[in-house]
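Here is a friendly note to read alongside the structure. Take the points in order and keep the 3D view open as you go.

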Amino acid sequence: MACILHIETSTDVCSVAVSEDAQVIFQQDDHSGPNHAERLGTMVDEALSFTDSHAIPFDAVAVSCGPGSYTGLRIGVSMAKGVCYGRNLKLISVPTLELMCVPLLLGEKIEEGALLCPMLDARRMEVYAALYDRALRPVRGIQADIVDQNTYREWLDRQPVYFFGNGAKKCMETIDHPNARYIDGVEPLAKWMMPLAERRFLQEQFEDVAYFVPFYLKDFVAKMPKKLL
């Protein structure tokens with residue numbers, strides 16, 4: 001097992017956690033608004049001080065890689081890279097929508113054959129969403145969806161679909177399919193990254209610290225005219 005520092009900054013919530021041997025031993029969540037630039041450094045310092053005071057050596061840093069707030073992701077990834085460089089640690093990336101499924105799988109009774117649809121609010125009636133089965137196998141990859149009553153009908157006609165995250169409110173207002181399930185209060189937090197980061201650590205799924213960029217940055221660069229690169 002490993003000791004991993006977890007950083008999550010994809011939404012207005014800023015959170016940091018430390019896990020050791022698949023147990024969360026430190027966590028801080030700040031819900032006071034999009035002030036990651038002010039709060040994240042202090043929270044990470046406190047996490048590092050906690051582990052140093054207990055003589056616990058870190059093995060890796062895990063960071064939420066999006067989708068999410070463009071600014072928030074940049075701040076989180078920059079901090080994660082800085083800690084990796086400073087302490088010679090491995091870097092692990094965890095998709096934001098995947099980690100949002102963890103609290104449901106741990107705390108909710110999910111129906112047999114149901115799909116999980118984590119959602120992050122984008123703008124107007126647009127959300128970033130993906131579909132996973134109960135084993136967190138992707139059924140449909142991450143993409144931007146414009147929500148209307150037929151957006152997820154091909155899956156809803158076959159099985160229950162659980163919608164959650166800060167984008168799910170748009171579905172509640174437009175999708176009234178009998179197979180639609182809505183869960184309130186689910187947000188991406190650093191502590192939910194633990195099982196996903198542990199698995200990636202054991203499978204040695206590490207990122208290149210020098211070249212890694214979060215989801216939004218890769219998407220942005222891919223769409224830029226070549227003359228601007």
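This is a predicted model: local features need pLDDT of at least 70, side-chain atom pairs count only at pLDDT 80 or more; totals for chains, interfaces and linings use all residues.

1. Five strands form an open sheet in the order β3-β2-β1-β4-β5, and their pairing is mixed. At the edges sit β3 (residues 23-30) and β5 (residues 90-94), each of which pairs on one side only. From one strand to the next, the twist averages 15°.

2. Strands of a sheet pair through backbone hydrogen bonds, and they can do so in parallel or antiparallel fashion.

3. Now look at one pair in detail. β1 and β2 run antiparallel and are joined by six bridges.

4. Helix α6, made of residues 194-202, lies across β1, β2, β3, β4 (60-64) and β5. Relative to β5, helix α6 runs at about 130°.

5. Which loop holds D12? D12 is in the loop between β1 (3-8) and β2 (14-20). Its relative accessibility is 47%, so D12 counts as partly exposed; the exposed class would need over 50%.

6. Finally, what does D12 contact, leaving aside its neighbours within four places in sequence? The residues are D30, G33, P34 and H36.

How values were computed: Residues are numbered from 1 along each chain as its sequence is written. Side-chain values use heavy atoms; hydrogens and water are left out. Helices (H or I, at least four residues) and strands (E, at least two) are DSSP runs, numbered from the N terminus. Buried means under 20% relative accessible area, exposed over 50%, partly exposed in between (1.4 Å probe, protein chains only). Contact means heavy atoms within 4.5 Å. Two strands pair if DSSP finds at least two bridges between them. Axes are lines fitted to C-alpha atoms, for helices over the stretch in contact, and angles run from 0 to 180 degrees between N-to-C directions.
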